[in-house]
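Work through the exercises below with the coordinates open. Try each task before reading its solution.

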Amino acid sequence: MIPKEFIQINPIRSPAAEIFISYRMAHEFRREAEYRQAMADYCQWYQSTAELHQQEAEKLKGDINIMGWFNRGRK
């Protein structure tokens with residue numbers, strides 16, 4: 001027989017509580033997995049977009065500066 005003081009410290013869980021705890025843990029795990037996948041997808045998109053913008057910036061460096069012609073006399 002377990003003394004009453006120990007039952008209050010470490011209560012015996014009911015089967016329903018065990019089911020709820022396992023459900024809650026599964027839910028939290030799934031939420032964390034979805035968050036991490038969304039973050040990985042975002043990082044991949046950001047990396048590819050940054051590379052595309054860098055390529056476009058390199059192409060623009062070789063273009064003629066038309067606005068420079070109009071602003072040549074103004075300083």
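This is a predicted model: local features need pLDDT of at least 70, side-chain atom pairs count only at pLDDT 80 or more; totals for chains, interfaces and linings use all residues.

**Exercise 1. Describe the ring pairs around Tyr42 by centre distance and plane angle.**

Step 1. A pair of aromatic rings is described by the distance of the centres and the angle of the planes.

Step 2. Run the pair search. The protein has 3 aromatic pairs. In one of them, the ring centres of Tyr42 and Trp45 are 5.8 Å apart and the planes meet at 35°. Planes under 30 degrees apart would be stacked and over 60 edge-to-face, so this pair is tilted.

Step 3. Locate the two residues. Tyr42 and Trp45 are 3 residues apart in helix 2, about one helical turn. Tyr42 is partly exposed, with a relative accessible area of 45%.

Step 4. Take Tyr42 with Tyr46. Their ring centres are 6.0 Å apart and their planes lie at 45°, so this pair is tilted. Tyr42 and Tyr46 are 4 residues apart in helix 2, again about one helical turn.

Step 5. Ring pairs link Tyr42, Trp45 and Tyr46 into a cluster.

**Exercise 2. Which residues form the nonpolar surface patch, and with what accessible area?**

Step 1. A patch residue needs over 30% relative accessible area and no salt bridge. Trp45, at 49%, passes the area test, and Tyr42, at 45%, passes too.

Step 2. Join nonpolar side chains within 5 Å. The patch consists of Tyr35, Met39, Tyr42, Trp45 and Tyr46.

Step 3. Take the area. Together these residues have about 610 Å² of accessible area.

**Exercise 3. How many salt bridges does the whole structure hold? Examine those of Glu28 and Glu58.**

Step 1. Side chains of opposite charge can pair when their charged atoms come close. The cut-off here is within 4 Å, nitrogen to carboxyl oxygen. The search finds 4 salt bridges.

Step 2. Take Arg24 and Glu28. Their closest N and O atoms are 3.1 Å apart. Both residues lie in helix 2 (residues 15-61), 4 residues apart. Arg24 is partly exposed at 41%, and Glu28 is partly exposed at 31%.

Step 3. Take Arg31 and Glu28. Here the closest N and O atoms are 3.6 Å apart. The two residues are 3 residues apart in helix 2, about one helical turn. Arg31 is partly exposed at 49%.

Step 4. Take Glu58 and Lys61. Their closest N and O atoms are 3.3 Å apart. Both lie in helix 2, 3 residues apart. Glu58 is exposed at 52%, and Lys61 is exposed at 65%.

Step 5. Look for shared partners. Salt bridges join Arg24, Glu28 and Arg31 into one network.

**Exercise 4. Summarise the fold elements and the surface of the protein.**

Step 1. Count elements. There are 3 helices and 0 strands. From the N terminus on, the order is α-α-α.

Step 2. Check burial. Of the 75 residues, 1% count as buried.

Step 3. Take the total surface. The accessible surface is about 7,800 Å², and 61% of this belongs to carbon and sulfur atoms.

Key: Residues are numbered from 1 along each chain as its sequence is written. Side-chain values use heavy atoms; hydrogens and water are left out. A salt bridge is a side-chain nitrogen of Lys or Arg within 4 Å of a carboxyl oxygen of Asp or Glu. Buried means under 20% relative accessible area, exposed over 50%, partly exposed in between (1.4 Å probe, protein chains only). Patches are made of residues with over 30% relative accessible area and no salt bridge: like charges are joined within 9 Å, nonpolar side chains (Val, Leu, Ile, Met, Phe, Trp, Tyr) within 5 Å. Accessible areas come from the Shrake-Rupley method with a 1.4 Å probe; for residues, only the protein chains shown count as cover. Rings of Phe, Tyr and Trp (its six-membered ring) pair if their centres lie within 6.5 Å; planes under 30 degrees apart count as stacked, over 60 as edge-to-face and the rest as tilted.
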